[in-house]
Every structure is written in C-alpha cells, then in structure tokens.
Amino acid sequence: MTISRTLGVCGTVAAALLVSSTAVAADLEVVVDGLRSAQGQARVAVHKRVPGAAFPEGGVVAAAWRTAGEGALRFVFADLAPGDYAVAAFHDADGDGKLGQNMVGLPTEGFGFSNGATGFMGPPSFDEAAVTIGPKDERVSVAVPIAYSGS
C-alpha cells in the first residue's frame with residue numbers, strides 16, 4: 001500500500017470517527033415548579049416509551065434529585081438521543097425516596113408530569129406527557145408543574 005493511499009484510508013477513518021464523535025444528542029431542561037416547601041427533595045425521572053407498559057412504569061433513561069426549594073428548580077439531562085421522552089417528578093417531602101400515598105393509593109406528596117399532563121384516576125399516558133427531541137435540537141425545555149392532592 002502506498003503512503004498516499006494509506007493516508008487516504010486514515011483520512012476516511014478519521015472523518016468517520018469525527019462524525020461518530022459528534023453524534024446527534026441534545027440536552028433536556030426540566031423546570032419543576034410549584035413545590036410548596038423546602039423539605040425533602042425534588043425527584044425527576046426521564047422515561048422512554050416501553051411497549052406494553054403504562055407510563056411511568058419502566059423506561060427510565062435518566063434521573064436526578066436535589067434538595068427541595070419553594071418555587072422552581074431546574075434540572076438538565078445532557079446528551080439524550082433524538083426521540084420521544086416523558087418526565088415524571090415528585091416532591092419527596094419526607095425524604096424516603098418514594099411518592100407517599102394514602103390507604104387508597106392517592107398521592108400524599110406533590111407530583112407532576114411533563115407538559116402539565118394529568119391523568120384520570122392515575123397518571124397520564126406517555127403520549128400526553130411526551131416531549132420530542134429532534135435530530136437538530138441542542139436543548140429542549142419542558143415544564144413540570146407540581147400538583148398536590150386536594151388542591
């Protein structure tokens with residue numbers, strides 16, 4: 001193999017590596033708003049669709065928590081591939097890592113979903129809460145308002 005041909009092959013490999021290293025990905029900014037207190041943590045999970053499973057069961061691709069604060073908190077999930085995602089969040093006021101529920105299964109802590117989606121007698125569907133990250137997006141923002149049962 002000649003040097004020029006070797007350099008040509010190396011250049012092609014280098015170009016392919018450059019393209020793959022700049023693979024399309026975007027950040028998802030989640031703004032959780034409406035926390036009633038600074039007790040406990042705000043917990044957020046980003047989900048992909050799981051065929052045959054009801055959202056928000058399974059499909060978690062990223063999650064984060066931070067100390068709660070009254071008002072709005074911002075979370076950024078970096079480098080998500082293009083596709084549809086849905087976000088579920090809750091105010092873990094007692095800090096036990098779980099969404100508190102009463103005897104009949106109603107939440108006793110604040111909760112919310114992307115796009116302000118609400119369900120009837122349970123969480124919304126994935127499609128109602130879906131946020132699309134397109135191949136040319138650098139950052140997509142979504143609001144997750146926190147609601148408290150009985151309010």
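Modeller: Helices (H or I, at least four residues) and strands (E, at least two) are DSSP runs, numbered from the N terminus. This is a predicted model, in which local features need pLDDT of at least 70, side-chain atom pairs count only at pLDDT 80 or more, and totals for chains, interfaces and linings use all residues. Residues are numbered from 1 along each chain as its sequence is written, and side-chain values use heavy atoms, with hydrogens and water left out.

Colleague: How many helices and strands are there in the protein chain?

Modeller: The protein chain has two helices and eight strands. Along the sequence their pattern is α-β-β-β-β-β-β-α-β-β.

Colleague: Where is Met103 found, and is Met103 buried or exposed?

Modeller: Buried means under 20% relative accessible area, exposed over 50%, and partly exposed in between (1.4 Å probe, protein chains only). Met103 is in the loop between strand E5 (83-92) and strand E6 (111-113). With a relative accessible area of 87%, Met103 is exposed. Across the chain, buried residues make up 33% of the 151 residues.

Colleague: How should I read the lining of the largest pocket?

Modeller: Rolling a probe the size of a water molecule over the atoms shows where empty space is left. On a 1 Å grid over the protein atoms alone, a pocket is an open set of points where a 1.4 Å probe fits, with protein on both sides within 12 Å along at least five of seven lines; lining residues have an atom within 4 Å of a point. Here 29 residues line the largest pocket, and Leu99, Pro107, Phe111, Phe113 and Pro123 lie nearest its centre. Strand E2 (41-48) gives the largest share of this lining, four residues.
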